[in-house]
Amino acid sequence: MRQQYFFVYYVLLTAIQVLLGNYFTFSPYLMVTLLPVMVLCIPTKYHTVWALLIAFATGMVVDLLSEGILGINTFALVPVALVRRSVCQAIFGDELITRQDDFSIRKYGIGKVLFAIVIVHSLFLVLYLWADAAGARTFSFNALRFACSLAAGLLLSVFVAEILTPDDRR
């Protein structure tokens with residue numbers, strides 16, 4: 001069942017990200033993004049090349065429809081797709097990749113899933129904020145923006161991970 005609805009949920013979450021980018025700009029210190037966890041949750045049966053293409057397309061759609069800076073989400077999201085399998089393998093074990101199984105919060109626990117989300121979200125934010133600041137903002141501003149965005153993003157990311165990676169054993 002998970003494979004059937006994954007891309008429907010993925011497209012809906014991309015639309016939600018576009019809405020977040022257009023209508024929910026709370027503060028210059030806060031950037032809410034669902035993109036890193038969406039890429040992390042791409043089923044492991046899709047190899048890195050497919051994940052890179054999906055991440056590229058997702059980033060371009062969000063850039064074109066909401067952010068205004070063409071390529072900034074794509075620039076930050078493609079490396080997340082590149083490290084996705086390595087992060088899953090390191091945190092959830094080799095068996096996950098070998099069996100082409102998918103992780104879920106129920107199967108691996110909130111701690112491991114949250115750790116994987118922190119890694120990919122941090123990578124995304126570091127690259128995004130570096131490209132967005134372009135040397136025009138101070139380190140303290142960027143560090144505060146990183147911390148606030150990571151905290152807010154983690155809360156939403158756990159919910160998104162639960163949607164995209166349901167446990168089939170229920």
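I call a residue buried under 20% relative accessible area, exposed over 50% and partly exposed in between (1.4 Å probe, protein chains only). By that scale Tyr5 is partly exposed at 40%, and Tyr9 is partly exposed at 34%.

Housekeeping: this is a predicted model, where local features need pLDDT of at least 70, side-chain atom pairs count only at pLDDT 80 or more, and totals for chains, interfaces and linings use all residues. Residues are numbered from 1 along each chain as its sequence is written, and side-chain values use heavy atoms, with hydrogens and water left out.

I looked up Phe7 and Tyr46 next: their ring centres sit 5.7 Å apart with planes at 80°, so I logged the pair as edge-to-face (rings of Phe, Tyr and Trp, its six-membered ring, pair if centres lie within 6.5 Å; planes under 30 degrees apart are stacked, over 60 edge-to-face, the rest tilted). Phe7 lies in helix α1 and Tyr46 in the loop between α2 (35-40) and α3 (48-67), so the pair ties together parts 39 residues apart in sequence (helices are DSSP runs of H or I, at least four residues, and strands of E, at least two, numbered from the N terminus). Phe7 is partly exposed at 30%, and Tyr46 is partly exposed at 22%. I also noted that ring pairs link Phe6, Phe7, Tyr10 and Tyr46 into a cluster.

How many aromatic pairs does the structure hold? I get 10. In the Tyr5 and Tyr9 pair, the centres are 6.4 Å apart and the planes at 40°, so that one is tilted.
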